[in-house]
Amino acid sequence: MTSLGSGPARRSRHLTASPRLGTHTLTAGRGLLFGGDYNPEQWPEEVWIEDVELMRAAGVNLVTVGVFSWARIEPQPGARDFGWLDRVLDLLGSAGIAVDLATPTASPPPWLGHRWPRTLPVDESGHRLWYGSRNQFCPSSPAYREKALAIVTDLADRYAGHPALALWHVGNEYGQVCHCGDTAAAFRTWLRERYGDLDALNEAWGTSFWSQRYGEWAEIITPRRAPYMINPTQQLDFWRFCSDALLAHYRAERDILRERTPDLPITTNFMGLFKPVDYWAWAPEEDIVSNDWYPDPADPLSPARSALTHDLTRSLGGGRPWLLMEQATNGVNWRPHNLPKPPGQLRLESLQALARGADGLCYFQWRASRFGAERFHAAMVPHAGPETRLHAEVRAHGNELRGLASVAGTPVPAKVAMVHDWASWWALEERGRPSDRLTLPDQLLRFYRPLWERGVTVDLVPPSADLTGYALTVVPNLYLISDGDAASLTEYVHRGGVLLVGPFSGVADPRGHVRTGRFPAPLREVLGASGEEWLPAQEDRPVRCHWADGTGFTARIWTELMAAEGAEPVATFADGDLAGRPAVLRHESGAGVAWYVATVPEADGLSELTARVLADADVTGALPELPPGVEAVRRGPVLFVLNHGDETRRVPIPYPAEDLLTGSTADGTVTLAPRAVVALRPLD
């Protein structure tokens, strides 16, 4: 099909942060960043000396300090104890270790909840959640805001200009939700700004259903626990409000830091595909995007899931390098059954993030805690101490990163975009839909995995993104879509792009109202097809489908009654009430092609579908042939090849190259042991 351009796609339409304070301000003179969360307040000061010596031996050059230190800094309201933190920063700075200093506002001290109980969050049943854990604050509480900004102000005033301070870390893993009276009042203010008057709100919320019409603003509350299902648009707007309320607090802290240290970058740590927070709205508000990611050793799809998460993180920053702020050296403590990582796994996972755009590779935490809820969470220095297999692996990995310093700052090119939207996710998974088996994270991974298996790198984009430069755009699910975004996708195809759309897309407008008529109404013209019924499949009965050449595949969960309206049915349902009806359709529209999938194919079916769609888009992977379990991705001039499997693999490579990790050269093929990685730079 007609090419849309061979250069990197424009990824900055949703990005407003200046690149002036990106990761390059940290990597200059340091190379790739390596370190982790450091909690010296848990240890006597003589341990700090040993910590710094061990850090230097392990190649650590960045540590995060102070995330959970509010009670130590402010032991009583208005009191300040910065002496210990002064000594920590001085010690780290004297060793050449940069500090990512956190505002400690994610975990208020007990005195705050005791003296100001309205700062504590309330759940949907109206029960107040108490201190004794962490994250016990209401984002809309005026008292919490006052106390939090006071400690941030004093922290910034004290450490602005400290030579060890290199980065600010605002809060920690934002995602708190509250249903208290202060939150309800803030929600009403947010709704007034969104709708203007009650008539507009009642129309948007569809309050004529179930006698829900509001006559006064004061009647509106948060979507608390009710006898039956909550109004879905009320719930959708509450998702939006909660993300915005947290963002407003982040901005308030950030602005204090920016005023006092305008030349220091600011970040907060995301959590990948985390449902409560719309990271497309958040990412432009920070200088560096950072993410926490904890792959599950028990998950066979973990390598693809991790790659998807890293591609999302890079994409949130508009393609710029990012920081892996937290990962684990070994087993975590918060899953029901926490499997350990085999030797080599921590290195493999870390280098996977590097290959997909990370300039920093950090862990939680430096030294394993003796007490507290995370006492069995793995760390860079385990309970058994530094003379251990695990810490030896940490040291080796930290020191080998020096040989990859040239990778810092280089881009990860992609010709494929994958559309992801938080509001659509929220609306899709509301109660009362045809099936709760069709979930957004599963759909993203289903469509991403066969691309990953072929070495095809993906940028994730919001529905409003400029798709110029992408040869293929994949929409695993876009339940909620605006008319403008539908028009943009249509125009993208008409200009020569290839579009792949998954089931149950184009169903609702931005209010969450179902679009009437045949679906997907706003994409019907470009897809050349339409449907009339959504038909969840029986869970114990696979859905058989046939390609036009007679070969077959199976699907599950979902089917749709579709009709071709100019599109070619390239696969049909094989039996049952839908026998002979389209399961996959292909439509040439303008200069491009649009595909629609009316079911959820299993892995082999999606693999074949992906091969056909990539052929339409003329997109190939980083390597022409990849064995099972092997990942390939290009970053700048370097080709990373990673073996996630348990068998040794021989991988053909297209040119003579030097492995930056070992200094060895390869020509024709590379041999990868289980969990091995090569970073291949072409020989001159």
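## Confidence of the model

The mean pLDDT of the protein is 96, with 97% of its residues reaching 70 or more, and the structure described here is a predicted model. Over residues 1-16 the pLDDT is below 50, although this stretch has 46 contacts in the model beyond near neighbours in sequence. Where pLDDT is low, the predicted coordinates should not be read in detail.

Nine strands are arranged in an open sheet in the order 5-4-3-2-1-9-8-7-6, and their pairing is parallel. The edges are formed by strand 5 (266-267) and strand 6 (269-270), each of which pairs on one side only. Strand 6 is joined by two bridges to strand 7 (residues 290-292), and the two run parallel; phenylalanine 270 has asparagine 291, in strand 7, as its bridge partner.

Helix 12 (residues 345-355) packs on this sheet, where it touches strand 8 (322-326) and strand 9, and the direction of the helix makes about 150° with that of strand 9.

Strand 15 runs antiparallel to strand 16, to which it is joined by four bridges, and histidine 546 stands opposite glycine 552 of strand 16. The hairpin of strand 15 and strand 16 has four residues between the strands, and in this hairpin glycine 550 takes a positive phi near 100°. Three bridges join strand 15 to strand 17 (residues 568-573), and these two strands also run antiparallel; here tryptophan 547 has alanine 571, in strand 17, as its bridge partner.

## Nonpolar cores

The largest nonpolar core holds 144 residues, of which Leu85, Leu92, Leu101, Leu404 and Phe640 touch the most other members. When residues up to four places away in sequence are not counted, leucine 404 touches Leu32, Leu351, Leu354, Leu660, Leu661 and Ala679. In soluble globular proteins, nonpolar side chains tend to be buried together.

## Cysteines

The structure holds zero disulfides. Cysteine 138 is in no disulfide, and the nearest cysteine sulfur, that of cysteine 180, is 3.6 Å away; a disulfide would need the two sulfur atoms within 2.5 Å. With a relative accessibility of 0%, cysteine 138 counts as buried, and cysteine 362, at 4%, counts as buried too.

## Backbone features in detail

Most residues other than glycine have a negative phi, and most peptide bonds are trans. Two cis peptide bonds can be described here. One runs from phenylalanine 364 to glutamine 365, with omega near -10°, and glutamine 365 is found in the loop between strand 9 (358-363) and helix 13 (389-400). Another joins phenylalanine 519 and proline 520, with omega about -10°, and proline 520 lies in the loop between strand 13 (498-501) and helix 17 (524-527).

Glutamate 173 has a phi of about 45° and lies in the loop between strand 4 (165-169) and helix 7 (181-195); because its relative accessibility is 14%, glutamate 173 counts as buried. Isoleucine 557, which is not a glycine either, has a positive phi of about 75°, but the place of isoleucine 557 is within a strand, namely strand 16 (residues 552-564).

## The surroundings of proline 627

Proline 627 lies in the loop between helix 18 (603-617) and strand 21 (630-635), and because its relative accessible area is 16%, proline 627 is buried. Not counting residues up to four places away in sequence, proline 627 touches Arg649, Arg650 and Val651. Asparagine 333 is 294 residues apart from proline 627 along the chain, and the C-alpha atoms of these two residues are separated by 33 Å.

Key:
Residues are numbered from 1 along each chain as its sequence is written. This is a predicted model: local features need pLDDT of at least 70, side-chain atom pairs count only at pLDDT 80 or more; totals for chains, interfaces and linings use all residues. Side-chain values use heavy atoms; hydrogens and water are left out. Buried means under 20% relative accessible area, exposed over 50%, partly exposed in between (1.4 Å probe, protein chains only). pLDDT is the predictor's confidence in each residue, from 0 to 100. Contact means heavy atoms within 4.5 Å. A nonpolar core is a set of buried Ala, Val, Leu, Ile, Met, Phe, Trp, Tyr and Cys residues joined through side-chain atoms within 4.5 Å. Two strands pair if DSSP finds at least two bridges between them. Axes are lines fitted to C-alpha atoms, for helices over the stretch in contact, and angles run from 0 to 180 degrees between N-to-C directions.
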